[in-house]
Amino acid sequence: MSDGTSASAILLSDDDTALVARLREGEAEAFEELVDKYHSALVRFARLYVPTHELAEDVVQETWMGVLRGLDRFEGRSSLKTWIFRIAANRAQTKGKREARTVPFAALASTEAGQEESVEVDRFLPPDHAERPNFWSTLPLDFDNQPEARLLSDETFAEIRRAIDTLPPMQATVITLRDLQQWSSTEVREALDITEANQRVLLHRARTKVRRAIEDYFARANGTGAPSDA
Amino acid sequence: MPERMTCPVLVQLVTEYLEGVMPPEDAAQFEEHLGRCPPCEVYLVQFRKTIEICGRLPEEVLPVEVKETLLAAFENWKANR
Ligand SMILES: [Zn+2]
């Protein structure tokens, strides 16, 4: 098309362009980089469609095969990761149907975004408290007082992973893509086909629980047992 | 008149605030509250740190078998394209 001034190529970042070139040249390290970067997030994502972790792993295996098969035809009309996650969504949908489980994402998202009670309610005095209505009953622990080495320790990372593993699947996926993989809210909204508002609620719920897990861990590590009472 | 931006309300709105999608009047109340409520300020710092630490989580190490299978598939693709 004459007016299609290579709009397709413009969408691809320099990093993606370089990575695709290395892959096409057959550089195994480039494929390894890609796998290291996306594999676990893809498993988390695929798990939204299929009932078990094993099936999600299968979906991601098939996704990588699909990526290799499609690589020479990849035109860069979307970012590399959007393309890869779209392949995963297709594979997962096929497998999800075969496993008689189709998840309407919008429904799953609104279920997880609704229902639950407000976050952190247990941390506050009741609204009819005589002296300090609605004030903190258990003060938040000051993370700035934690040794830098603890903030970014393997133990802290392990606590975060554990906390994410216990989240409802949509919340786990949203925080993984937004905060671990650093996607934009638009990218997450489009990949999961959910509304901006739901995306934000899911993210907030997930962050709140991960925050609590870190706080509890720091409190234990400080030897104070629980965050101090006000 | 009861205060609208109480501590429990503020903690519900932190992501909305950080995403920059809060209406300006609400953001002003949010910040006004932070200015006079040290625990909520600490909470916001906690929240920001949580996001920061999540962003620095190392990539999960894949089981060796998984990686070997994938790299073998790559070599196979290379040989047959
Ligand atoms: Zn407050």
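Trainee: What should I know before I start?
Mentor: It's a predicted model, where local features need pLDDT of at least 70 and side-chain atom pairs count only at pLDDT 80 or more, while totals for chains, interfaces and linings use all residues. Residues are numbered from 1 along each chain as its sequence is written, chains are lettered from A and ligands numbered from 1 in the order written, and side-chain values use heavy atoms, without hydrogens and water.

Trainee: Okay, which residues coordinate the zinc ion?
Mentor: B:Cys7 (SG), B:His33 (NE2), B:Cys37 (SG) and B:Cys40 (SG), at 2.0 to 2.4 Å. Donors are N, O and S atoms within 2.8 Å of the metal (3.2 Å for Na, K and Ca); water isn't among the atoms, so sites may look incomplete.

Trainee: And what's the arrangement of the four donor atoms?
Mentor: Tetrahedral, because the donor atoms around the zinc ion subtend angles of 107 to 111 degrees. For four donors, that label needs all angles between 85 and 135 degrees.

Trainee: How are the donor residues spaced in sequence?
Mentor: The pattern is C-x25-H-x3-C-x2-C.

Trainee: Switching topic: which residues of α3(A) meet α5(B)?
Mentor: A:Ala28, A:Phe31, A:Glu32, A:Val35, A:Asp36 and A:His39. Among their partners in α5(B) are B:Leu70 and B:Phe74. Contact means heavy atoms within 4.5 Å, and helices are DSSP runs (H or I, at least four residues), numbered from the N terminus.

Trainee: What classes are in that contact?
Mentor: Seven nonpolar, one polar and four charged residues. Ala, Val, Leu, Ile, Met, Phe, Trp, Tyr, Cys and Pro count as nonpolar, Asp, Glu, Lys and Arg as charged, and the others, Gly among them, as polar.

Key: Helices (H or I, at least four residues) and strands (E, at least two) are DSSP runs, numbered from the N terminus. Four donors count as tetrahedral if all angles lie between 85 and 135 degrees; four count as square planar and six as octahedral if opposite donors are over 155 degrees apart and all others between 65 and 115; anything else is irregular.
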